[in-house]
Amino acid sequence: MTTLTAKDKQTVKAFWAKVSGKSEDIGASAVARMLVVYPQTKTYFSHWQDQSPNSPAARKHGKTVMMGVGDAVTKIDDLKEGLKELSQLHAFTLRVDPANFKILSHNILVVMAVMFPTDFTPEVHVSLDKFLAAVSLALAEKYR
Amino acid sequence: MPENSVSADLQTGSDKMVEWTDFERDTIKDIFSRIKYDVVGPAAFARCLVVYPWTQRYFGGFGNLYNAAAIKGNPMVSKHGTTIIHGLDRAVKNLDDIENTYTELSVLHSEKLHVDPDNFKLLADCLTIVVAAQLGKEFTGEVQAAFQKFLAVVVSSLGRQYH
């Protein structure tokens, strides 16, 4: 399910080149949606003083997440190796239940549809969905 | 087969009615009054066949589904996409009794069409994406939540008559 074909990688890289300039907005919007549509995800952010979806902390977190996604694009040929440290972080420090990777991925896709309706074709959608699934798998690698 | 979708899972017992806030009711009706049925239906269904290609298993009689371009241009795909969205319309008009509204459709999908109910969630996710693309910035987080809740109730109702 998560083997990226050459076409997938090409599609992801080309789409990322188009959208990465807006990565902060993408991240902020995806995290905000996640907190609103899936309120159980707020449990990971109880340490934020302001838990509202558009708070500075939420925006900053969106930026952090998308920097990780952008980094993953550059490491698309070996995500397991390339995301080793991030996986350790998520496994031992953050301990985010991996079900939430799917939730955030879904919201990233929704934001792509909102912000890039003509570029986010079904072909791009399937490759990006596969890519985010592969990233999620690599992030969960060190969990157990 | 791992779960592929993140549409919310709803456990509604037959004696528990789904409660809608005014915002949710207004939002759902507003969305359906604004989207173009003959654009959104076909686009969402085509997207589902492309993004989750195993869903093509139910459409062996639809002819050429060989690649994304063929799927998008396939007239049977368009027609079925329009049928689906009109089916959703029935739920919009019966928000307080979606379960009973879909009893026959649920039996149809189970007994005659033999559709794995997990597929409903995949189509729901594609509908969310397509509606998001149509509405743009107006598809806020709150609107998304209402729409996804609506789709979750529909999906749950369609799965109720499976035995």
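UniProt positions are given here in the numbering used for this structure, with feature names shortened, and such annotations may be inferred rather than shown by experiment. With that in mind, an unreviewed UniProt entry places the feature "domain: Globin" at residues 3–144 of chain A. The model is predicted, and the predictor gives the complex an ipTM of 0.86 and a pTM of 0.89. Over residues 3–144 of chain A the chain is 69% helix and 0% strand, with end C-alpha atoms that lie 21 Å apart.

**Confidence**

- Chain A has a mean pLDDT of 95, and 99% of its residues reach 70 or more; among its elements, the lowest mean, 93, belongs to helix 5 (residues 84–94) of chain A, and the highest, 98, to helix 1 of chain A.
- For chain B the mean pLDDT is 91, with 90% of its residues at 70 or more; in this chain the confidence is lowest in helix 6 (residues 103–112) of chain B, at a mean of 92, and highest in helix 1 (residues 22–34) of chain B, at 98.

- Helix 3 (residues 56–74) of chain A has 19 residues and, at 1.5 Å a residue, should span 27 Å, which agrees with the 27 Å between its end C-alpha atoms.
- The buried residues of helix 3 of chain A are A:Ala58, A:Gly62, A:Met66, A:Gly68, A:Val69, A:Gly70, A:Ala72 and A:Val73, and what covers them includes helix 1 (6–19), helix 2 (23–37), helix 4 (79–82), helix 6 (99–115) and helix 7 (122–139) of chain A.
- A:Pro53 is found in the loop between helix 2 and helix 3 of chain A and is partly exposed, with a relative accessible area of 23%.
- Leaving aside neighbours within four places in sequence, A:Pro53 is in contact with A:Ala32, A:Leu35, A:Val36 and A:Ala58, while its C-alpha atom is separated by 8.6 Å from that of A:Ser29, 24 residues apart along the chain.

- In soluble globular proteins, nonpolar side chains tend to be buried together.
- Not counting residues up to four places away in sequence, A:Phe131 touches A:Leu4, A:Val12, A:Val69, A:Ala72, A:Val73, A:Ile76 and A:Leu79.
- A:Ser127 lies in helix 7 of chain A and counts as buried at 4% relative accessibility; beyond four places in sequence, A:Ser127 touches A:Asp8, A:Thr11 and A:Val12.

**Cysteines**

- The structure holds zero disulfides over all chains.
- The sulfur of B:Cys48 has its closest cysteine sulfur in B:Cys126, at 4.6 Å, which is too far for a bond, because a disulfide here requires a pair of cysteine sulfur atoms within 2.5 Å.
- Both cysteines of this pair are buried, B:Cys48 with a relative accessible area of 3% and B:Cys126 at 0%.

Conventions
Residues are numbered from 1 along each chain as its sequence is written. Chains are lettered from A and ligands numbered from 1 in the order in which they are written. This is a predicted model: local features need pLDDT of at least 70, side-chain atom pairs count only at pLDDT 80 or more; totals for chains, interfaces and linings use all residues. Side-chain values use heavy atoms; hydrogens and water are left out. Helices (H or I, at least four residues) and strands (E, at least two) are DSSP runs, numbered from the N terminus. The expected span of a helix is 1.5 Å times one less than its number of residues. Buried means under 20% relative accessible area, exposed over 50%, partly exposed in between (1.4 Å probe, protein chains only). Contact means heavy atoms within 4.5 Å. pLDDT is the predictor's confidence in each residue, from 0 to 100.
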